[in-house]
Amino acid sequence: MTLSFLDSLILVIPLLGSIAYLTLAERKVMGSMQRRLGPNQVGSYGLLQPLSDGLKLLVKESVLPSQANKGLFYLAPFITLTLSLLGWIPIPFAKASPLADMSLGLLYLMALSSLGVYGVLLAGWSANSKYAFIGSLRSTAQLVSYELPFALLILIVVIIPGSLSLSHIIEAQEPVWYLVPLLPIWVLWVMVVVAETNRAPFDLPESESELVAGFFTEHSALPFAYFFLAEYGSMILISVLSSILFLGGYLLPGDISTSPVLESLVLGVKSCFLLFLLIWIRASFPRVRFDQLMYLCWAGLIPILFGLVILVPSILVAFDILP
Amino acid sequence: MDADKTLRTQDLPRTGGFPSVRYKRNLPKKGPSGLVLFTVLGAISVYGFYRVGQGNLEKRELRREHLWSRIHLVPLLTAELDRDTYRRNCAALAREAEIMKDVPGWKVGESVYNTKRYVGPTQIVVPEQS
């Protein structure tokens with residue numbers, strides 16, 4: 001469990017690269033879904049677009065609104081990005097490969113995702129702008145509400161292997177990926193994931209026509225880039241988490257012998273499929289109203305999930321197949 | 001008279017009446033019915049839980065086997081430890097005899113305690129960790 005500086009760098013630098021290229025992938029995929037070309041000017045096929053975007057954000061002036069709380073204004077993006085990157089510590093990319101193989105890894109991830117609300121709240125409040133403030137209130141309400149179905153869904157998955165360790169959960173999926181027994185629950189999971197990552201059709205916090213850009217309206221240049229990185233980083237993280245919880249993580253179907261490199265590749269392919277799903281959903285559905293969003297959570301998802309939290313362990317107990 | 005007749009003619013629907021207006025939405029039914037979806041999803045879930053059960057039972061069996069293999073190994077490990085302790089004790093006595101051979105009246109292996117009661121060894125000999 002050595003958490004050295006070099007280990008972290010080996011994880012973080014490719015992660016930032018993948019975040020950059022996820023933005024390009026999103027624009028390209030959505031472009032082709034809407035019969036457009038997408039970015040194609042910078043580099044061949046627009047491959048250098050993320051780099052030029054990053055460079056632009058780096059050299060632009062960061063505007064500080066007058067009357068803004070300067071310390072909190074600049075602290076909020078740091079909090080958000082740091083929490084988003086910290087979530088990668090317990091993720092196993094291959095057998096026995098996480099930075100820290102925590103026995104309570106999932107609990108750690110849930111705690112981090114709850115703390116992520118603070119970055120949003122501070123950013124909206126410190127900017128001293130009504131757009132940012134309303135955006136942050138909406139975002140906070142959404143995140144806090146969807147925290148509950150998120151936790152309940154994780155609880156349902158955790159009951160089956162009887163462990164909160166991500167490695168154990170993956171190993172327990174050798175007979176069958178949890179997507180198969182929990183197929184109806186997977187649909188709920190995708191909805192909750194879309195809401196947790198603040199993505200369309202649940203992207204109320206940054207609904208462009210009403211709130212400009214949500215809680216980070218006033219942030220520009222590098223602080224904005226930090227929010228952007230955090231948002232897409234948590235998107236990748238939650239895709240990886242979904243493939244660990246439901247798609248067997250780094251496992252291949254059947255008893256195929258694998259190497260660590262192949263295992264990481266398998267996890268990457270599964271996560272890319274889920275990222276594509278998120279982009280696909282964004283390109284397909286119109287944004288819901290805020291009251292519809294809240295109604296779906298409190299009157300739709302949570303009662304169903306309370307029922308399922310009772311049903312799944314009941315099945316295990318009834319057929320005496322507890323782990 | 002003719003004009004009067006024309007005026008008295010009421011504007012009535014045509015003979016047989018108008019056809020009813022079709023106001024209901026007429027969307028084509030696409031995809032399998034709800035019952036089929038429910039059955040298929042249920043079947044997939046049942047198969048999944050069957051496999052999960054198989055896996056969990058196998059895990060339980062492996063855990064039981066692991067525990068009992070340890071339990072069955074205990075006599076062997078104890079015997080090995082006794083043998084090793086005896087060997088080390090003999091070696092220690094031999095070393096003591098070798099070191100103290102020039103001291104007259106030295107009894108090798110004599111208790112250092114001033115009592116007749118048995119006093120257990122104060123040092124525990126543990127096999128080297130490999």
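Biologist: Does A:Arg282 count as buried, partly exposed or exposed, and which relative accessibility puts it there?

Modeller: Please keep in mind that this is a predicted model. Residues count as buried under 20% relative accessible area and as exposed over 50%, with partly exposed in between. Because A:Arg282 has a relative accessibility of 29%, it counts as partly exposed.

Biologist: With which residue does the side chain of A:Arg282 meet in a salt bridge?

Modeller: Side chains of opposite charge can pair when their charged atoms come close. In the pair that concerns us, the N to O distance is 2.9 Å, and the partner of A:Arg282 is A:Glu26. A:Arg282 lies in helix 10 (residues 260-284) of chain A and its partner in helix 1, so the pair ties together parts that are 256 residues apart in sequence, and the residue you asked for is A:Glu26.

Biologist: Which residues are joined into one network by salt bridges that share partners?

Modeller: A:Glu26 also meets the side chain of A:Arg199 in a salt bridge, at 2.6 Å from N to O. That pair links distant parts of the chain, since A:Arg199 sits in the loop between helix 7 and helix 8 (208-211) of chain A, 173 residues from A:Glu26. A:Glu26 is buried, with a relative accessible area of 3%, and A:Arg199 is buried as well, at 4%. Through shared partners, the network joins A:Glu26, A:Arg199 and A:Arg282.

Biologist: Is A:Glu263, which forms a salt bridge with A:Lys95, buried or exposed?

Modeller: The closest N and O atoms of A:Glu263 and A:Lys95 are 3.4 Å apart, and the two residues, in helix 10 and in the loop between helix 3 (70-86) and helix 4 (105-126) of chain A, are 168 residues apart. A:Lys95 counts as partly exposed, at 46% relative accessibility. A:Glu263, by contrast, has a relative accessible area of 3%, and therefore it is buried.

Biologist: Which residues form a negative surface patch?

Modeller: One member, A:Glu174, lies in the loop between helix 6 (166-171) and helix 7 (183-196) of chain A. Its relative accessibility is 48%, so A:Glu174 counts as partly exposed. The patch includes residues from chain A and chain B, and is formed by A:Asp101, A:Glu171, A:Glu174 and B:Glu58.

Biologist: What percentage of the residues in chain B is buried?

Modeller: Chain B has two helices and zero strands, and it exposes about 12800 Å², of which carbon and sulfur atoms supply 60%. Among its 130 residues, the buried ones make up 6%.

Definitions and conventions. Residues are numbered from 1 along each chain as its sequence is written. Chains are lettered from A and ligands numbered from 1 in the order in which they are written. This is a predicted model: local features need pLDDT of at least 70, side-chain atom pairs count only at pLDDT 80 or more; totals for chains, interfaces and linings use all residues. Side-chain values use heavy atoms; hydrogens and water are left out. Patches are made of residues with over 30% relative accessible area and no salt bridge: like charges are joined within 9 Å, nonpolar side chains (Val, Leu, Ile, Met, Phe, Trp, Tyr) within 5 Å. Accessible areas come from the Shrake-Rupley method with a 1.4 Å probe; for residues, only the protein chains shown count as cover. A salt bridge is a side-chain nitrogen of Lys or Arg within 4 Å of a carboxyl oxygen of Asp or Glu. Lys and Arg count as positive and Asp and Glu as negative; His and the chain ends are not counted. The place of a charge is taken as NZ of Lys, CZ of Arg, CG of Asp or CD of Glu. Helices (H or I, at least four residues) and strands (E, at least two) are DSSP runs, numbered from the N terminus. Buried means under 20% relative accessible area, exposed over 50%, partly exposed in between (1.4 Å probe, protein chains only).
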